[in-house]
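Please open the model in your viewer and keep the selection tool at hand. The stops below follow one another, and each says what to select and what is there.

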Amino acid sequence: MDINLKRVGRALIVALEGELDLATAPRVKDTVDQVLARDAKLHHLVWDLAKVEFIDSSGLGMLLGRYNKISARAGSVVLMRPAVLVRRMLVMAGMGRIMQFVDSEEQALAKIGGDTDGQLH
Amino acid sequence: MGSSINQLTMEFPSKAVNIGFARTAVAMFAAQLDFTLDELDEIKIAVSEAVSNSVIHGYKGTEGMITIICAVGEGALEVQIKDEGVGIDDIEKAFEPAFTTAPKERMGLGLVFVKEYMDELIIDSVSGRGTSLIMKKSPCHNKVEV
């Protein structure tokens, strides 16, 4: 599982590549949690899922756990470009009721209310 | 499966790293039937959930062996996943969405996904002696609408 992180203002964009299951979800969790713990100004999380080929309930549980952390900061979580199978799993798990689906980074940043401080990092 | 025409048996330790191998191997074996790519993905999810359950709930972080027996015959796939872990105390409750005995960040949807994506699911579990999960699936074009 490849994990790429980018900060845009108060949003953390996490691009994942590979399969998200019990073997890989803990590393994603630890990586994202470390960044969130270091920077209390991060309020929003954008998951770029375009290159995630597989997800099961272990991956979904990890996403839900990070949603709970971001909610505690009164922020939003956005799901970007999931493939058909991954999107189906996210919808079945009810993620669509608490997170928004978008097709691009621009849409993602618009969904979180342009709350980016106008900075690109 | 009594009249199977092909069979595969795998045995591996209950390490999370083996889950990806298990689901891929079962999907490759299943591909000898006329499953669509979507159906093969559904089989992968079901196997991933079942093996994850053995790792997380069956052995609870300790190491034991997981056995998978796959068979094809009469146009259907049958997959049995067995562990010798702690077993399931209340099978009915295990099927309830959001029910989990595992700590933190588990959604309790594993068996819900298995039921959703496979045609048939049979669970046999004895507390303290392990769990056997048998799931069956036929390619969609083999199914007859009644």
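Helices (H or I, at least four residues) and strands (E, at least two) are DSSP runs, and both are numbered from the N terminus. This is a predicted model, in which local features need pLDDT of at least 70 and side-chain atom pairs count only at pLDDT 80 or more, while totals for chains, interfaces and linings use all residues. Residues are numbered from 1 along each chain as its sequence is written, and chains are lettered from A and ligands numbered from 1 in the order in which they are written.

**Stop 1: a helix in chain A.** Select residues 57–72 of chain A, which form helix α2(A). The helix has 16 residues and reaches 22 Å from its first C-alpha to its last, close to the expected 22 Å, where the expected span is 1.5 Å times one less than the number of residues. Among the buried residues of α2(A) are Leu60(A), Met62(A), Leu63(A), Arg66(A) and Ile70(A); a residue is buried if 20 or more other C-beta atoms, placed from the backbone, lie within 10 Å of its own, exposed if 12 or fewer, and partly exposed in between. Just after α2(A), Ala74(A) takes a positive phi of about 60 degrees.

**Stop 2: its partner helix.** Axes here are lines fitted to C-alpha atoms, for helices over the stretch in contact, with angles from 0 to 180 degrees between N-to-C directions. Residues of α1(A) including Val28(A), Val32(A) and Leu36(A) belong to a contact with α2(A), on whose side Met62(A) and Arg66(A) are among the residues met; two residues are in contact if their C-beta atoms, placed from the backbone, lie within 7 Å. By class, this contact has five nonpolar, three polar and three charged residues, where Ala, Val, Leu, Ile, Met, Phe, Trp, Tyr, Cys and Pro count as nonpolar, Asp, Glu, Lys and Arg as charged, and the others, Gly among them, as polar.

**Stop 3: the loop at Arg81(A).** Select Arg81(A), in the loop between β4 (77–80) and α3 (84–92) of chain A. Its phi is near 55 degrees, a positive value in a residue other than glycine. Arg81(A) counts as buried because it has 20 C-beta neighbours inside 10 Å.

**Stop 4: where the chains touch.** Show both chains: 15 residues of chain A are in contact with 17 residues of chain B. On the side of chain A, α2(A) gives the most, with seven residues.

**Stop 5: chain B.** Chain B has four helices and five strands, and buried residues make up 41% of its 146 residues. Select α1(B) (residues 18–30) and α2(B) (residues 37–58), whose axes come within 8 Å and cross at roughly 140 degrees; α1(B) and α2(B) are therefore oblique to each other. Their contact divides into nine nonpolar, two polar and two charged residues.

**Stop 6: a last loop.** Finish at Glu74(B), in the loop between β2 (65–73) and β3 (76–83) of chain B. Glu74(B) has a positive phi of about 50 degrees although it is not a glycine, and Glu74(B) counts as exposed because it has 12 C-beta neighbours inside 10 Å.

Terms used
Angles under 35 degrees count as roughly parallel, over 145 as roughly antiparallel, 65 to 115 as roughly perpendicular and the rest as oblique.
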